[in-house]
Amino acid sequence: MKHLGNKIAFYALIAVVAINTPAIAEKVIIAHRGASGYLPEHTLPAYAMAHALGADYLEPDLAVSKDGVLVCLHDMTLESITNVKDVFPDRAREDGKWYVVDFTLAELKRLRVVERSPNRFPKDAQLFQIPTLEEMIQLTQGLNRSTGRDVGIYPELKDPMFYEKAGFPFAEMLLEILDKYGYRGPEANLYIQCFVPATLLRLRNELGVSLPLIQLISDHAAQNALVTEEGLDKIAAYAQGIGPHKNRIEDDPMLVERAHARGLLVHPYTFRADMLPRKYESIEMELRTFLKEFDIDGGFTDHTDVMKRVIDALD
Ligand code: G3P
Ligand code: CA
């Protein structure tokens, strides 16, 4: 009997400890524009490589074609990472830029995507096309099936006001595709991210979206209000987390704790092995500092494999 009493007391203690001890949170790796440290950003090979290297989420930034197709691109113009100047020399606007929204999907598919950075994949390779969001999702879900993994997606509504002004219901277009591919409800394996609070508020309140949302926060002064106590309170009412520029955390490590206190995840951007802040000797040191000392919940990286190694070695 005494033995049984001890046993009950033991399990009661375990239960109390379990209730009061926060679960060891999983740190997630968000492959920034795919494995963009190794292959041109936002290309299907870059997404496939990030999946193979162990990313938890693949990140497509989104733009809209002239005929209303969501494509995976960071910029609203094409000249920095495609050969658009050669293929369509007369299609720049007066400002000298070639806008994605001025080209149909068929025209965009004629372009080749090239590396943005001079020190990464050779710039002269003409191997890659612009993928649509649907192609990116088909690739992700196909790899999930063939590998038995469950990698999520982390789409960003880029420049939403620009596309709305051009006549496209950008947010609704994204939601339609997500629904088509089974991303529904708060447990869906994705986060929708955006820098514009009004867009996320509209998703949550007007469009009744229950999918997880992330409020991105740049390091520009214009977004300072978002990291005040009041700003974080407001974000907590509509988002699951924040995606701050990593400088925000360097400048104010308490930002992570203040966000956590409101139940917000913290996924800063962007960890890059070849663009290291001067104070760190290596990306491993930078990542360890953010993951352990600052206690972030994950982050955007161009180098998924490095972040995975660091996370796997955390004690
Ligand atoms: O979306 C997080 C991070 O990617 C934001 O920066 O400019 O690379 O989209 P950017
Ligand atoms: Ca992004």
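**A friendly note on the core and the calcium site**

1. In the largest nonpolar core, which holds 84 residues, Leu78 and Ile192 touch the most other members. Helix α7 (residues 170-180) gives this core its largest share, seven residues. Please keep in mind that this is a predicted model.

2. Apart from that core lies another one, of nine residues, including Tyr57, Ile214, Leu216 and Tyr269.

3. Ile192 is worth a look on your screen. Setting aside neighbours within four places in sequence, Ile192 is in contact with Pro155, Leu157, Leu174, Leu175, Leu178, Leu200, Leu203, Leu211, Pro212, Leu213 and Ile214.

4. Leu213, one of those contacts of Ile192, sits in strand β8 (residues 213-217). Leu213 counts as buried because its relative accessible area is 0%, and the cut-off for buried is under 20%. Beyond neighbours within four places in sequence, Leu213 is in contact with Ile192, Leu200, Leu203, Arg204, Tyr238, Ala239, Gln240 and Gly241. From Leu213 to Asp150 the C-alpha to C-alpha separation is 19 Å, and the two are 63 residues apart in sequence.

5. Now to the metal. The calcium ion (ligand 2) has Glu59 (OE), Asp61 (OD) and Glu156 (OE) as its protein donors, at 2.1 to 2.3 Å. Their spacing in sequence reads E-x1-D-x94-E. Both Glu59 and Asp61 are buried.

6. How is the geometry of the calcium ion (ligand 2) site classed? The site is irregular, with six donor atoms and angles among them of 59 to 157 degrees. For comparison, six octahedral donors would ideally give angles of 90 or 180 degrees.

Notes: Residues numbered from 1 in each chain as written. Chains lettered and ligands numbered in written order. Predicted model: local features only at pLDDT ≥ 70, side-chain atom pairs only at ≥ 80, totals over all residues. Heavy atoms only, no water. Core = buried A, V, L, I, M, F, W, Y, C linked by side-chain atoms within 4.5 Å. Buried < 20%, exposed > 50% of the residue type's maximum accessible area, 1.4 Å probe, protein only. Helix = DSSP H or I, 4+ residues; strand = E, 2+ residues; numbered from the N terminus. Contact = heavy atoms within 4.5 Å. Donors = N, O, S within 2.8 Å, 3.2 Å for Na, K, Ca; no water. Tetrahedral: all angles 85-135°; square planar, octahedral: opposite > 155°, others 65-115°.
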